Amino acid sequence: MKKTARAHTNIALVKYWGKADEELIIPMNGSVSLTLDHFYTDTTVEFDPALTEDIFCLDGKQKHDPKVAKFMNLVRNLAKKETFARIDSINHVPTAAGLASSASAYAALALSATSAAGLNLTRKDLSRLARRGSGSATRSIFGGFVEWHKGTDDLTSFAEPIEEETDWEICMIAIVINGHEKKISSRHGMQQVVKTSPYYHEWVKTAEEDLKLVKQAIKNRDFSLLGEVSEASAMKMHALNMSAKPHFSYFMPESILAMQKIEELRSQNIPCYYTMDAGPNVKVICEKQNVAFIIDELSKLFAKENLLVANPGPGARLI
Ligand SMILES: O=C(O)C[C@@](O)(CF)CCOP(=O)(O)OP(=O)(O)O
């Protein structure tokens, strides 16, 4: 039975950056994200008894990814199956450029693989399973604003929607500064930070407060609070990287340029904030009515084809 699932990427407003458990991918702190419509992954899975190993193709090219094989074993255990499968994934996201492509990839794989195996998991259990592939994938099972409860074990660490069909006209403009593979993966980057940054303990403490504030902002449609908390969470995350040993940074000169431009627009009373993930790209958080003006301003510094507008998007579904 062949099944295809589509899952969208999400951008964290309050960041996940560090694991309490590497194997189960239990985070040190809770996080909140916005699932986007523009970036998504389509994944098709078909179990075939004639196969002697899983065959994984990403964007049409066969790849050997031990994380995918490990993930498929989880699905086989759940389905009490021994059969191998053909997995075809198409990423409508600049891969590994800090646009959280692992989020959409593992959410789509969790849904398509379990469906092809004849399972019918609840979205909560899909979220727990996707988490085992990549932490941020736990949130892409749902649409709109999503919270990942950090939990303490495999059963209690899962995501759930805060507002799936949000009517809040929030947009994100992804400034694609460098669509190439990032040098330090999120997995490696956050490991280094947990182990060596002197500020890590403070990060966990303030993240819990950020979580409360961002949920309050969503509830009250308080855009400036949402933007301030999100921008601060991202900058604290990147400060951890610069205080690790050895220190590292995802910033490129154009990243700083973009952040300064956003701060300039804000000083001209255009409400807009920035966030960044494990790559040089800067994402602008703004309201729909200001998108055109902000794009005009940004296109004085960046090529228009590198300014990608995204709106709140849906959760993972079979297509
Ligand atoms: O999404 C966020 O909260 C913030 C980040 O995107 C980076 F800024 C973390 C993404 O980490 P992920 O790729 O999920 O790591 P994994 O669990 O080691 O696979």
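Author: One definition to begin with: Ala, Val, Leu, Ile, Met, Phe, Trp, Tyr, Cys and Pro count as nonpolar, Asp, Glu, Lys and Arg as charged, and the others, Gly among them, as polar. Also, this is a predicted model.

Reader: OK. By class, what residues does the shell around the ligand have?
Author: Seven are nonpolar, five are polar and five are charged.

Reader: Which ones come nearest to the ligand?
Author: There are 17 residues around the ligand, and those that come nearest are Tyr 16, Lys 19, Ser 134, Ser 136 and Arg 139.

Reader: Where is the side chain of Tyr 16 relative to the ligand's oxygen?
Author: An N or O atom in the Tyr 16 side chain is 2.6 Å from an oxygen atom of the ligand.

Reader: And what about Ser 134 and the ligand?
Author: Ser 134 has a polar side-chain atom 2.7 Å from a ligand oxygen atom. For Ser 102, a polar side-chain atom lies 3.3 Å from an oxygen atom of the ligand.

Reader: How much of the ligand does the protein bury?
Author: The protein buries 96% of the 470 Å² that the ligand exposes when taken alone.

Reader: Which helix gives the most to that shell?
Author: Helix H4, residues 186-196, gives the most, with three residues.

Reader: New topic. At roughly what angle do H5 and H6 cross?
Author: The axes of helix H5 (residues 200-220) and helix H6 (residues 223-242) cross at roughly 160 degrees and come within 9 Å. Angles over 145 degrees count as roughly antiparallel, so H5 is roughly antiparallel to H6.

Reader: Is that crossing left-handed or right-handed?
Author: The crossing of H5 and H6 is left-handed.

Note on methods: Residues numbered from 1 in each chain as written. Predicted model: local features only at pLDDT ≥ 70, side-chain atom pairs only at ≥ 80, totals over all residues. Heavy atoms only, no water. Near = heavy atom within 4 Å. Polar contact = N/O pair within 3.5 Å; in protein donor to acceptor, adjacent residues only side chain to side chain. Areas by Shrake-Rupley, 256 points an atom, 1.4 Å probe, with all protein chains shown as cover. Helix = DSSP H or I, 4+ residues; strand = E, 2+ residues; numbered from the N terminus. Axes fitted to C-alpha atoms, helices over the stretch in contact; angles between N-to-C directions. Parallel < 35°, antiparallel > 145°, perpendicular 65-115°, else oblique. Left-handed = near helix turned anticlockwise from the far one by under 90°.
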